[in-house]
Amino acid sequence: MRLFVSEGAPGSLQVLAAAVRARGRAELLITPVGPEECVVPFLTRPKIPVLQLDSGNYLFSTTAICRYFFLLSGWEQDDLTNQWLEWEATELQPALSAALYYLVVQGKKGEDVLGPVWRSLTHIDHSLSRRSCPFLAGEEELATLSEEEIAMAVTAWERGPGSLPPLRGQQSPVLPVAGERNVLITSALPYVNNVPHLGNIIGCVLSADVFARYSRLRQWNTLYLCGTDEYGTATETKAMEEGLTPQEICDKYHAIHADIYRWFNISFDIFGRTTTPQQTKITQDIFQRLLARGFVLQDTVEQLRCERCARFLADRFVEGVCPFCGFEEARGDQCDKCGKLINATELKNPQCKVCRSCPVVKSSQHLFLDLPKLEKRLEEWLEKTLPGSDWTPNARFIIRSWLRDGLKPRCITRDLKWGTPVPLEGFEDKVFYVWFDATIGYLSITANYTDQWERWWKNPEQVDLYQFMAKDNVPFHGLVFPCSALGAEDNYTLVSHLIATEYLNYEDGKFSKSRGVGVFGDMAQDTGIPADIWRFYLLYIRPEGQDSAFSWTDMLLKNNSELLNNLGNFINRAGMFVSKFFEGCVPEMLLIPDDQRLLAHVTMELRHYHQLLEKVRIRDALRSILTISRHGNQYIQVNEPWKRIKGNEADRQRAGTVTGVAVNIAALLSVMLQPYMPTVSATIQAQLQLPPLACSILLTDFLCTLPAGHHIGTVSPLFQKLENDQIEGLRQRFGGGQLEESLELKAKPSSKAAVGVTVPQQIHMLMDEVTKQGNIVRELKAQKADKNQVAAEVAKLLELKKQLALAEGKPLEPFKGKKKK
């Protein structure tokens, strides 16, 4: 796509902001044009901005272009108007306000709008790089620095490690402290019935771990907890499949989960489970308080019963067609496609998941949480909580959608044996529905960690609660549990910041354990790729604003370019120069104006990193680390200390200054990396012999933590190159056999279709493969990848085109390469 904009033209601000918000979902070229230029064939002087689509069509109005970028950013077609208004309010308007504020502060004039606006927007949101904006290609910095900013950066640098505050004392157990910032962090409790895949890991535990590690670096009093969600139908189903008791299944998979998170280096203060006496005690107490205050109803429920299995079917034992969106694999409690909650009897064409027979509808007595009666309390709480909080836009939208439709009573009991018993006469044969008591698991896990758990969970005045999850968990954390807690009237701590991700897909599809598609947690450690590389890539593609996809090719590119050639190259060179040229001792540093400007730019990027992580924009903050590393590489490249060290005294002094500043930037990066890549961070700190205090605290100023005379340790490379053959082998290994079947199909094109696959289907599949391979080739060329790597992918593309031509019955065309001169 190509976006034409002109300086001072109405609408330029809006479309540039919308382009940034779309977060690079398509290849976009932004081109400035003059007033006399013709950019549209049939108009001599078009009103711009104008967006030229890949199809050749054009969009002219500012609203049309912005809405196009809105759709491009991944929103569903359902309820489009409300979603557009939500996106405009929570994403587009803040970006515009920030850009305009930046222009006012910098004193920019209206006639010079494009460059400054784009710089301000990309500084606010690094998801688009300057490479996508050609008219800024020659500019080295994102923003102009004032002399005051430079002077302040130099002053902070000179204060050195002596300005670091004392390390706060460690306590066990961690408890809230009056007068301090007390941060309570939870990640959604994973179901114990299966092995978590990469999407599960990035959606809750890994994202929460980054924030917990950052919180500790800020010296906030932090408790991070999680555990396995062990009650409910999912566990019973898995127990039946494996011929074990539910308790045996829980014991088995709790250990599997714990091992996986240990390998991924997740820094829980406690990783517990919900099958404990504390869970029963706290859940029953909340229920009794709700019952006593009139927030529990009793009613007859029309329920599905499988006559062949001779039992009522809990929601997860039922599968059918969603009554709202038509998705054919909706569960009996929720549709994974549209996200709406469902009563099992509403499903079309329901089936028992155990025996695949069609269940019948029968009556059963159940208890309901009276959500309509609690709705006003919930709205009042939300009005106080949401302003100024860091609830993600999708979480806000999901809760508002529920409230807009009006809350309805929700059944909180089930005809099961495996669950928290219902303490009420006449309901002894029932248990609480898992969605009612699963969120109470956070409280019971804390209660198993410390008998003073109420200091965390009944202390809203002193505790800041951050909860991390995928978007499908938002209704339970942002609505159901708050309603239960508000109705219980026991001063419970409620969520201050609800952080929800979108979904992570695998390549071009979904993770599937049964089909062997995708990487699951217990498999990652067998790939030979270190845990920190997995952490880095998952956080790099974290689905913050829209769904994202894991890609083996992209993982190779990011490892080899961002980690090996950018970050690793800079840190290794900085340390090696100290070892090689100065016998492992940090040299004296005499700063000149260029060095001082670099300190200010690093400080500015460090503060941006803090601003983003304080708002829990984890993926974008990672870009700040890589940006600082690029600044460092450019600094070394321009100053060439390896040449200056061989020159006169002044040159040698200059080489020393550059080396000293560079190794201090490397030390800063090691601390900034700690939330993302803790093992790599510790390795860098050991190589540089960074003082313990400097490893444990991260301020908003860039300090000289390695002063002249500091001795570093042995420096060695941090990262290994990922090879094409290695990655291709992993792609096939985790492709579930689909790749081999697809290649077999393509290798035998004929006028007859393969069994179960028509010729048009073959052609469509091959066209998709050609498109995907073409994107891979374009991405490699844009990254200026190794020529041999590009050639190998081009060869694959040509082979796919050949197979497509054969399937379509077209004559093969000879390859037209570039002629040699």
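## Cysteines

Counting a disulfide as a pair of cysteine sulfur atoms within 2.5 Å, the total here is zero. Cys325 is in no disulfide, and its nearest cysteine sulfur, that of Cys335, is 3.6 Å away. For Cys352, the closest cysteine sulfur is in Cys355 at 3.8 Å, too far for a bond.

Cys352 is buried at 0% relative accessibility, while Cys325 is partly exposed at 27%. Here buried means under 20% relative accessible area, exposed over 50% and partly exposed in between, with a 1.4 Å probe and protein chains only.

## About the model

This is a predicted model, in which local features need pLDDT of at least 70 and side-chain atom pairs count only at pLDDT 80 or more, whereas totals for chains, interfaces and linings use all residues. Residues are numbered from 1 along each chain as its sequence is written, and side-chain values use heavy atoms, leaving out hydrogens and water.

## Salt bridges

There are 37 salt bridges, each a side-chain nitrogen of Lys or Arg within 4 Å of a carboxyl oxygen of Asp or Glu. One of them joins Arg273 to Glu230, with the closest N and O atoms 2.9 Å apart. Glu230 is buried at 0%, and Arg273 is partly exposed at 21%.

Another joins Asp390 and Lys615, whose closest N and O atoms are 3.3 Å apart; this pair links parts of the chain 225 residues apart. Asp390 is buried at 11%, but Lys615 is partly exposed at 47%. Lys238, Glu241, Glu242 and Lys252 form a network of salt bridges.

Notes: Helix = DSSP H or I, 4+ residues; strand = E, 2+ residues; numbered from the N terminus.
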